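The following exercises are to be worked with the sequence and the coordinates at hand. Each task is followed by a solution in steps.

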Amino acid sequence: MKQFFLFLFVLTTINQIHSQENLPTDYLSKEFHKSRREAFRNLMPVNSVAVVFSYPERVFSKDINYNFHQNPDMYYLTGYKEPDAVLLLFKEPQGDEKYTEVLFVRERNALKETWTGRRLGIEGAKSKLGFTKVYNGVDFHSFAIDYKKFDKIIYDQFLTNVTTSNSPESLYLIIQAFKTKAGITKEDAASVDLFTSITNSLREIKTSEEMELMRKTVKLSCIAHNEVMKAVGPDMSENEADGIHAYIHRKYGAEGEGYPPIVGAGANGCILHYGENNAAKMENQLLLMDVGSEYHGYSADVTRTVPANGKFTEEQKAIYQIVYDAQEEVFKICKEGTPFQDLNKKATEVVAAGLIKLGIISDPKDVKIYYPHGCSHFLGLDVHDKGNYLGTLKENMVLTVEPGIYIPANSKCDKKWWNIGVRIEDDIAIKKDSYENLSIDSPRKWQDVEALAKQKSTFNEMKFPKI
């Protein structure tokens with residue numbers, strides 16, 4: 001009987017190991033994260049310490065939490081994906097051990113792991129993430145460190161919505177312990193600015209490993225956009241179109257979306273961050289889809305606008321062409337050395353000229369009525385990623401080019417333009433003398449959009465029971 005139980009134990013252990021290893025093979029490596037910590041340390045001032053906290057868990061409803069999403073800076077520097085954690089980075093080696101980093105993680109707990117999933121724990125953080133000095137989060141309270149000896153303590157803005165908790169391992173008490181030990185009664189703007197400056201400088205330039213993930217997340221997002229273009233029809237709901245995106249993202253291994261999808265038909269497409277996605281039918285209107293996957297932490301941000309019935313009206317086509325032309329002109333200056341702000345200036349000039357030609361506005365200043373947002377933002381671990389928006393473009397930056405025109409009902413122009421909303425958004429990698437359009441696989445010209453819309457999708461053939 002003892003041999004039988006021993007057999008079961010070994011079998012269970014093997015299954016657990018197998019299930020833990022049955023994971024994607026293209027996650028960022030521990031060497032990548034280590035290199036990012038070294039790069040961060042190189043930008044720290046002499047005699048300084050940096051403190052990076054995880055994000056907290058968020059309540060979805062009552063006793064149910066949202067799926068956890070890590071602080072991108074914590075993930076970037078460690079690869080750790082769990083809450084209730086803190087990273088310490090030191091400019092100079094510390095103590096007799098000459099350590100330069102310490103990671104505090106959630107403690108292993110067999111009962112809790114049965115309910116909410118495996119925890120990496122101390123040994124996992126050492127073997128999987130490459131750290132040598134790792135403690136449980138509860139040990140942060142007693143960890144011997146004199147913050148007063150440092151000339152500079154570097155940290156990000158403190159989160160204001162961390163749930164109060166009496167558990168010693170909770171992020172709330174870990175943050176409180178840090179404030180007490182460091183003598184912080186009020187957030188130091190200079191410390192936060194330095195943290196932001198360092199992370200902006202690092203994250204705005206993508207490494208080759210990051211660029212590989214960016215290409216994947218954008219490519220699979222394009223596949224999703226294309227499939228919806230083929231499947232869409234006047235009787236399709238916004239929610240169904242949203243669901244096709246979600247299915248394809250997960251089919252290709254994405255964990256989800258990088259932001260709440262915007263899937264708006266007609267008047268809803270004129271709402272910049274429309275998120276209800278609940279119109280029962282598209283009818284014969286334009287469908288604006290701003291949807292991007294999140295693949296291993298990296299977000300795409302692709303927008304396509306398609307006529308639900310497969311063919312643009314003359315008015316829709318005219319507005320669409322202006323947006324397309326604005327993109328084309330911006331692409332021409334997407335290269336190293338271009339001031340970031342010039343991208344939106346160029347887009348605004350083209351859109352204004354186009355709207356004046358159509359008689360929708362008479363003064364270029366009024367372009368903001370129908371094009372109220374900027375043309376570009378950085379893209380990466382955040383959909384609106386970190387970077388220096390007042391600087392110039394550099395090689396291996398990834399950013400969006402997304403001019404748009406939105407003419408809601410009751411606008412001060414001819415009624416024939418009302419409820420036309422068009423945005424075309426592509427994800428661009430900057431090169432020395434040019435750019436790479438990462439989202440080139442999804443059509444942009446109105447002729448190509450119409451051609452794709454004529455094709456049939458496998459989703460058109462799917463039949464489900466009526467309810």
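## Exercise 1: Accessibility and a salt bridge

K152 has a relative accessibility of 21%, so it counts as partly exposed. The model under study is a predicted one.

**Task.** Identify the salt-bridge partner of K152, and determine which parts of the chain the pair ties together.

**Solution.** 
1. The partner is D188, with 3.6 Å between the closest N and O atoms.
2. K152 belongs to strand β7 (residues 152-155), whereas D188 sits in the loop between α6 (171-182) and α7 (189-203); the pair therefore ties together parts that are 36 residues apart in sequence.
3. D188 has a relative accessibility of 32%, so it too counts as partly exposed.

## Exercise 2: Two further salt bridges

**Task.** State whether D385 and R203 are buried or exposed, and how many residues apart in sequence the parts are that this pair ties together. Then examine the pair of R250 and E257.

**Solution.** 
1. D385 and R203 form a salt bridge whose closest N and O atoms are 2.6 Å apart.
2. D385 lies in the loop between α12 (367-370) and β14 (398-401), and R203 lies in helix α7, so the parts tied together are 182 residues apart in sequence.
3. Buried means under 20% relative accessible area; both D385 and R203 are buried.
4. In the salt bridge between R250 and E257, the closest N and O atoms are 3.0 Å apart.
5. R250, at 44% relative accessibility, counts as partly exposed, and E257 is partly exposed with a relative accessible area of 22%.
6. Salt bridges with shared partners join D73, R203, K206, D382, D385 and K386 into one network.
7. The structure holds 30 salt bridges.

## Exercise 3: Nonpolar cores

**Task.** Determine which members of the largest nonpolar core touch the most other members, and which helix gives the most to this core.

**Solution.** 
1. The largest nonpolar core has 60 residues, of which L287, I319, L355, I360 and I405 touch the most other members.
2. Helix α10 (residues 314-331) gives the most to this core, contributing eight residues.
3. Leaving aside residues up to four places away in sequence, I319 touches L355, L358, I360, I405, I407, W417, I420 and V422.
4. A second, separate core comprises 43 residues, including L202, L213, Y295 and Y298.
5. As a general rule, nonpolar side chains in soluble globular proteins tend to be buried together.

## Exercise 4: Overall dimensions

**Solution.** 
1. The protein chain has 13 helices and 18 strands.
2. The C-alpha atoms fill a box of roughly 75 × 60 × 40 Å along the principal axes.
3. Buried residues account for 50% of the 467 residues.
4. Of the contacts between residues at least 6 apart in sequence, 72% join residues at least 24 apart.
5. The chain exposes about 23200 Å², with carbon and sulfur atoms supplying 52% of that area.

## Exercise 5: Confidence

**Task.** Locate where pLDDT stays under 50.

**Solution.** 
1. The chain averages a pLDDT of 94, and 96% of the residues score at least 70.
2. Residues 4-19 stay under 50, and the model has two contacts for them beyond four places in sequence.
3. Where pLDDT is low, the predicted coordinates should not be read in detail.

Notes:
Residues are numbered from 1 along each chain as its sequence is written. This is a predicted model: local features need pLDDT of at least 70, side-chain atom pairs count only at pLDDT 80 or more; totals for chains, interfaces and linings use all residues. Side-chain values use heavy atoms; hydrogens and water are left out. pLDDT is the predictor's confidence in each residue, from 0 to 100. Contact means heavy atoms within 4.5 Å. A nonpolar core is a set of buried Ala, Val, Leu, Ile, Met, Phe, Trp, Tyr and Cys residues joined through side-chain atoms within 4.5 Å. Buried means under 20% relative accessible area, exposed over 50%, partly exposed in between (1.4 Å probe, protein chains only). Helices (H or I, at least four residues) and strands (E, at least two) are DSSP runs, numbered from the N terminus. Accessible areas come from the Shrake-Rupley method with a 1.4 Å probe; for residues, only the protein chains shown count as cover. A salt bridge is a side-chain nitrogen of Lys or Arg within 4 Å of a carboxyl oxygen of Asp or Glu.
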